[in-house]
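Before reading on, please take a moment to look over the sequence and turn the model around.

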Amino acid sequence: MTIRLATPDDVTAINQVATAAWKTDYPDILTRETAEDGVRDWYSTEQIESELVESQTILLVAEREERVVGFAHATWHETDRAGYILRLYVHPDYRREGIGRSLLERTCEELFEHDIERVNAMVLTANEPGAEFYEGFGFEFADQSETEIGGERYPESRYVLDDESHV
């Protein structure tokens with residue numbers, strides 16, 4: 001497996017991973033229409049391409065046999081020295097192979113290299129496997145807010161990993 005920075009050539013594959021993951025992960029949380037709207041809003045070609053050129057954005061992909069099978073999207077803010085993992089998905093056909101953990105480790109490493117003191121990970125509150133994933137890496141629940149997907153509001157939990165507790 002290879003983890004590398006995403007390029008414009010990865011845009012379609014990132015969208016495909018997101019679509020497959022959302023269909024698998026959220027059928028009991030989001031309606032099909034809301035999930036489709038969310039994928040369209042967050043992972044459109046234009047949106048992903050714009051993220052690739054943002055100066056304080058990290059977009060990594062995981063490849064297996066030259067196929068993108070996962071990705072992580074993170075940002076950071078120098079003023080508050082905080083990083084934010086906005087999205088991390090692995091295609092359902094490639095889960096339980098350590099790809100998600102490798103993406104998370106590399107994303108955290110990249111963020112900490114930018115002199116970040118803590119990494120925040122956002123996950124829909126109803127996504128218990130997502131919460132367990134971050135907790136298993138050492139993240140701790142911090143608080144809950146709301147996010148908008150397809151015009152609907154959903155509870156979202158924030159998990160935090162401090163630099164000194166980084167595994």
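In this predicted model, the largest nonpolar core holds 28 residues, and among these I85, L103, L104, C108, L111, Y134 and F139 touch the most other members. Several elements give two or more residues to this core, including the strands β2, β3, β4, β5 and β7 together with the helices α4 and α5. The largest share comes from α4, which supplies six residues. Apart from this core lies another one of 15 residues, with A18, L59, Y89 and Y154 among them. In soluble globular proteins, nonpolar side chains tend to be buried together.

The residue ranges of some contributing elements are listed here.

| Element | Residues |
|---|---|
| β4 | 82–90 |
| α4 | 99–113 |
| β5 | 118–124 |
| α5 | 128–136 |
| β7 | 152–162 |

Where does N127 lie? This residue sits in the loop between β5 and α5, and it counts as buried because its relative accessibility is 9%, where the cut-off for buried is under 20%. Although N127 and E156 are 29 residues apart along the chain, their C-alpha atoms are separated by 9.1 Å.

Turning to the protein as a whole, its secondary structure comes to five helices and seven strands, and from the N terminus these elements follow the order β-α-α-α-β-β-β-α-β-α-β-β. Of the 167 residues, 46% count as buried, while the protein exposes about 8,800 Å², of which carbon and sulfur atoms supply 42%. Among contacts with a separation of 6 or more, 62% are accounted for by residues 24 or more positions apart.

Methods: Residues are numbered from 1 along each chain as its sequence is written. This is a predicted model: local features need pLDDT of at least 70, side-chain atom pairs count only at pLDDT 80 or more; totals for chains, interfaces and linings use all residues. Side-chain values use heavy atoms; hydrogens and water are left out. Helices (H or I, at least four residues) and strands (E, at least two) are DSSP runs, numbered from the N terminus. Buried means under 20% relative accessible area, exposed over 50%, partly exposed in between (1.4 Å probe, protein chains only). Contact means heavy atoms within 4.5 Å. Accessible areas come from the Shrake-Rupley method with a 1.4 Å probe; for residues, only the protein chains shown count as cover. A nonpolar core is a set of buried Ala, Val, Leu, Ile, Met, Phe, Trp, Tyr and Cys residues joined through side-chain atoms within 4.5 Å.
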